[in-house]
Amino acid sequence: MLKAKIILVALGAALVVPQALAGATPEEDRKQAVEYFKQMFPEVPFEEYVNGQYALNEDRRGQWESLQDFPPYEFAVAEGQEMFETPFANGKTYASCFENGGIGIRQNYPYFDEDQKQVMTLELAINQCREANGEEPLRYKKGDIASISAYMATTSKGKPFNIKVSDDPDALAAYEDGKQFYYSRRGQLNFSCASCHVQNPGKWIRADFLSPALGQPSNFPVHRSKWGELGTLHRRFAGCNRNVRGEPFAPQSEEYRNLEYFLTYMSNGLPVVGPSTRP
Amino acid sequence: MSKSLLTIGLSLSLLAPLSAQAGAKEDFQKIYSEAESAHKNAGNFQWTTTSSRLEEAESAAESGDYDKAKAMASEALKLAQESVDQREKQAEAWKNIAIGG
Amino acid sequence: MIDQTRRGFLKGVLGAGFAGIALGSGFVPMGAKAAMPDASNWPKKAFATPGVDETIAELYGLEATESDKISMDLPTIAQNGAVVPVTVETSLPNVTGIALLVAKNPNALAAEFEIPKGALPFVSNRLKMAETTDVVAVVISDGKAYKATQNVKVTVGGCGG
Amino acid sequence: MASSIRVRAVESGGVTSLKALVKHPMDSGFVKDSEGNVIPAHFIQMLTVSHNGKDVFVANWGPAVSKDPFLECRFKGAEKGDELTISWIDNQGESDSTTATVA
């Protein structure tokens, strides 16, 4: 399966090489996306996209700002820090698994792991760290992993995302896979991620106000009033899929990791602002 | 009318619902397995609505209500086929809206 | 009739209750105070009363008049009914209490604040509301009750499970 | 275990502005869990802010206050460096208390 995909992508790459200037590379995709949103919302500064719907709607922004002076995720972040700093049974800590002891590195995730030949998200790395140290993996949607991830994000606050898609054809294949996922219509309602967040951001869908694609992952993990707690990006992906009546995938499935890879690459240059609050 | 004919007539009329029942079960099983395989064929474009119809069909069949089971399986089949169409169409169609092509 | 009698009776009880609190906070020794708040005077009945006017009567034994000296800051459309920020401030003098009521909640009273001397008549809270509703701020000033009302639209939003 | 209360108090021009966030489920008693059982009411009834042993603000809360409740209040009389005590008690008799220094 994976092999077939690689061959297909290799074919695709061979076909698009002559049109490389028309947006065939991830960097061209990203630049065009930035340009696309600039034309759609000429008055919104680039850095504002990290605030999602609040970049586009003042009334909502007011409610959001009133939560920011004492955001409800503060306890979770403190617990995340405590867990991050508490040694495993073998005496080591999370710091031993990460570059720079895990501090200030959120902006480099996800990356393509050349050895494992797969997209490495921060949450996957956290669990691999646990397992390498003889600990049980954590559940991926909420709870401890969201708290640890949120704490790690706070140590990177303001650092611009710097996602790399190397020349490794597998890395490019993962990126393309995520891109295809984002733009493919799915579910009985026949919506793609892009139907809402590329074609219709700034508009209402029933009682919800749609955010733009740009900057979407930069505020995760997110504390949603609806959840009453922090949740991970993949929890959100699953909710979106279910909303359009499409079967969701498991958190940290290859589908969602590739989707995160593409989506975060699109946010390159925008700062890490997670965790944040959303409705 | 002879008595034996009447007996045959009666027994036929009694049997009819039973054989219809047997037919419904087979119909259900056939449609259900078609729906299941179409649902599988949808790959990563499966619909939650298909899954829930399949579940409803299964539980109706378990309680012996094969008419309902068949109806649910038929709905599941229709939805599953649409999801397969969606998967096939999206294999190319996504490029039309993708930024950067 | 019965209702009025009940209110009249409670008015007396509550009046006594509040005098109790006022006296209590003056005399309770420091150490005991820091340990644990004394919730024995928590207005249980007022928190179990539906309806705005009924709740104000239950809580303060008063009838509130509209005042434009109470300013309320809350969204016109709540992004989620589980967390609606509500801020109240007033220029009315000698304020001793502020209450926040959500008209359509099963029981209207959401929060009641005692404003001792030295505290400014300002408070900010986050409240739950189940549906589109009036939110009423009640202020006790110079022993009289005043109120202001603002409507909040609550929609069942929150895309994605 | 860390305190259930987070506080920031800042003095400016003689007025101290205090913001507090308390970790608490604030269950209303009207909500059911995933198995259909009613989650019993569990909410903070009273939160007090005191300075030099005197209450400077008292909140009586009901179950309509949001989960992990937030409070902002303002009062006169405290100076930078003064200690404030914030305490709460809930309808099940649980309580917590913390101190914060005015900045």
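This is a predicted model: local features need pLDDT of at least 70, side-chain atom pairs count only at pLDDT 80 or more; totals for chains, interfaces and linings use all residues.
Figure 1. The contact brings together 35 residues of chain C and 37 residues of chain D.

**Figure 2. Salt bridge and polar contacts between chain C and chain D.** One salt bridge is found across this interface. It joins the side chains of C:E89 and D:R74, with a distance of 3.8 Å from N to O. Between chain C and chain D, 17 residue pairs are in polar contact, both residues being at pLDDT 80 or more. On the side of chain C that touches chain D, at least two residues come from each of α2 (30-35), β4 (84-90), β6 (109-114) and β7 (119-127) of chain C. Of the elements of chain C, β7(C) gives the most to this side, with eight residues. Sorted by class, the side of chain C that touches chain D holds 23 nonpolar, five polar and seven charged residues.

**Figure 3. The elements of chain D.** Chain D has zero helices and seven strands. Read from the N terminus, its elements follow the order β-β-β-β-β-β-β. The C-alpha trace of chain D spans about 50 × 25 × 20 Å along its principal axes.

**Figure 4. The interface of chain A and chain B.** Here 28 residues of chain A are in contact with 17 residues of chain B. The two chains bury about 1,800 Å² between them, of which 56% comes from carbon and sulfur atoms. A:Y183, A:Q188 and A:E247 supply 33% of the area that chain A buries against chain B, more than any other three residues. Between chain A and chain B there are zero salt bridges, while 11 residue pairs are in polar contact, both residues being at pLDDT 80 or more. Helices α2 (26-40) and α7 (169-183) of chain A each provide at least two residues of the side that touches chain B. That side of chain A comprises nine nonpolar, 10 polar and nine charged residues.

**Figure 5. Packing of helices α4 and α6 in chain A.** Helix α4 (residues 74-85) and helix α6 (residues 144-154) of chain A pack at an angle of about 90 degrees, and their axes are 7 Å apart. This angle makes α4(A) roughly perpendicular to α6(A). Among the residues making the contact are A:V77, A:M83 and A:F84 of α4(A), together with A:I148, A:Y151 and A:M152 of α6(A). By class, the contact of α4(A) with α6(A) has eight nonpolar, four polar and two charged residues.

Key. Residues are numbered from 1 along each chain as its sequence is written. Chains are lettered from A and ligands numbered from 1 in the order in which they are written. Side-chain values use heavy atoms; hydrogens and water are left out. Axes are lines fitted to C-alpha atoms, for helices over the stretch in contact, and angles run from 0 to 180 degrees between N-to-C directions. Helices (H or I, at least four residues) and strands (E, at least two) are DSSP runs, numbered from the N terminus. Angles under 35 degrees count as roughly parallel, over 145 as roughly antiparallel, 65 to 115 as roughly perpendicular and the rest as oblique. Contact means heavy atoms within 4.5 Å. Ala, Val, Leu, Ile, Met, Phe, Trp, Tyr, Cys and Pro count as nonpolar, Asp, Glu, Lys and Arg as charged, and the others, Gly among them, as polar. A salt bridge is a side-chain nitrogen of Lys or Arg within 4 Å of a carboxyl oxygen of Asp or Glu. A polar contact is a pair of N or O atoms within 3.5 Å; within protein, one must be able to donate a hydrogen and the other to accept it, and residues adjacent in sequence count only if both atoms are side-chain atoms. Buried area is the accessible area (1.4 Å probe) that two parts lose on being put together, summed over both.
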